[in-house]
Amino acid sequence: MQQVQVNRFDTITEDIKKIMYEVFCNEQGFTYETVFDCFTQQAFYVTLSFNQKTFATARFYMTGEDSCKIGKIAVLPEQRAGGYGRLLVGQLLNFAAEKGVCSVVVGAQQHAIGFYQKLGFKQQGEIFFEDDRKIYPMVISL
């Protein structure tokens with residue numbers, strides 16, 4: 001894994017928007033409204049960059065006094081398979097723990113369930129849909 005810089009933001013930036021749009025709208029076919037939802041402005045963001053070029057992002061937002069939801073985990077195609085998704089989730093979990101979070105929820109697409117299980121998440125709750133895709137709620141306790 002190349003040496004990357006981890007950045008934290010308390011608001012969405014243009015780099016974050018570009019990555020989210022590329023991965024979720026262009027590549028995966030989600031609608032703009034699904035990707036840039038009502039939580040976009042209140043979320044905290046983590047990004048990864050190399051040589052001052054941002055290539056990955058993820059977000060979390062509080063859902064209660066000691067709970068949060070993470071999501072919109074996006075790595076540009078040319079940087080995939082480098083362990084960056086795992087690094088992003090780890091950074092989000094650390095960030096959440098610093099905020100006093102005890103329970104973290106993620107909505108996983110079916111192809112990502114195994115990824116989250118390896119990180120300690122367990123399926124919990126009712127399946128829901130975003131743009132006709134099944135989303136599986138998964139939870140981890142900190």
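Reply: Start at Phe30. Leaving out residues up to four places away in sequence, Phe30 touches Phe24, Cys25, Val35, Gln109, Glu130, Asp131 and Arg133. Contact here means heavy atoms within 4.5 Å.

Some ground rules come next. Residues are numbered from 1 along each chain as its sequence is written, and this is a predicted model, where local features need pLDDT of at least 70, side-chain atom pairs count only at pLDDT 80 or more, and totals for chains, interfaces and linings use all residues. Side-chain values use heavy atoms, with hydrogens and water left out.

Back to Phe30. Its place is the loop between α1 and α2 (32-35). Helices (H or I, at least four residues) and strands (E, at least two) are DSSP runs, numbered from the N terminus. Phe30 has a relative accessible area of 7%, so Phe30 is buried. The cut-offs are simple: buried is under 20% relative accessible area, exposed is over 50%, and partly exposed lies in between (1.4 Å probe, protein chains only).

Now look at what surrounds the ring of Phe30. Arg133 lies over its face, 4.2 Å from the ring centre. For this label, NZ of Lys or CZ of Arg must be within 6 Å of the ring centre and within 35 degrees of the ring normal. Asp132 is 102 residues from Phe30 in sequence, yet their C-alpha atoms are 9.2 Å apart.

Phe24 is another partner. Phe24 is buried, as is Phe30. Their ring centres are 6.4 Å apart and their planes meet at 70°, so the pair is edge-to-face. Rings of Phe, Tyr and Trp (its six-membered ring) pair if their centres lie within 6.5 Å; planes under 30 degrees apart are stacked, over 60 edge-to-face, and the rest tilted. The whole structure has ten aromatic pairs. Elsewhere, Tyr21, Tyr32 and Phe36 form one aromatic cluster. Arg8 also lies over a ring: the face of Phe95, at 4.1 Å from the centre.

Cys25 touches Phe30 too. Cys25 counts as buried because its relative accessibility is 11%. What about a sulfur bond? The structure holds zero disulfides, a disulfide being a pair of cysteine sulfur atoms within 2.5 Å. For Cys25, the closest cysteine sulfur is in Cys38, 16 Å away, which is too far for a bond. Cys38 is in no disulfide either: its nearest cysteine sulfur, in Cys68, is 16 Å away. Cys38 counts as exposed because its relative accessibility is 63%.

Now step out to the core. A nonpolar core is a set of buried Ala, Val, Leu, Ile, Met, Phe, Trp, Tyr and Cys residues joined through side-chain atoms within 4.5 Å. The largest one has 45 residues, and Ile70, Val104, Tyr116 and Phe121 touch the most other members. Elements supplying at least two residues each include α1 (14-27), β2 (44-50), β3 (53-64), β4 (67-75), α3 (84-98), β5 (103-109), α4 (113-118) and β8 (133-141). The most comes from α3, with seven residues. As a general point, nonpolar side chains in soluble globular proteins tend to be buried together.

Take Phe121. At 2% relative accessibility, Phe121 counts as buried. Setting aside neighbours within four places in sequence, Phe121 contacts Ile70, Val89, Leu93, Val104, Val106, Tyr116, Met138, Val139 and Ile140. With Tyr116, Phe121 makes an edge-to-face aromatic pair, 5.5 Å centre to centre and 80° between the planes. Tyr116 is at 6% relative accessibility, so Tyr116 counts as buried.

Val104 sits in strand β5. Its relative accessible area is 0%, so Val104 is buried. Beyond four places in sequence, the contacts of Val104 are Cys68, Ile70, Leu93, Ala96, Phe121, Met138, Val139, Ile140 and Leu142. Tyr61 is 43 residues from Val104 in sequence, and 9.8 Å away C-alpha to C-alpha.

Last come the strands. Two strands pair if DSSP finds at least two bridges between them. Seven bridges join β2 to β3, which run antiparallel. Here Leu48 stands opposite Ala56 in β3. Two residues lie between these strands in their hairpin, where Asn51 takes a positive phi near 50°. The antiparallel pair β3 and β4 is joined by seven bridges, and its hairpin runs through two residues.
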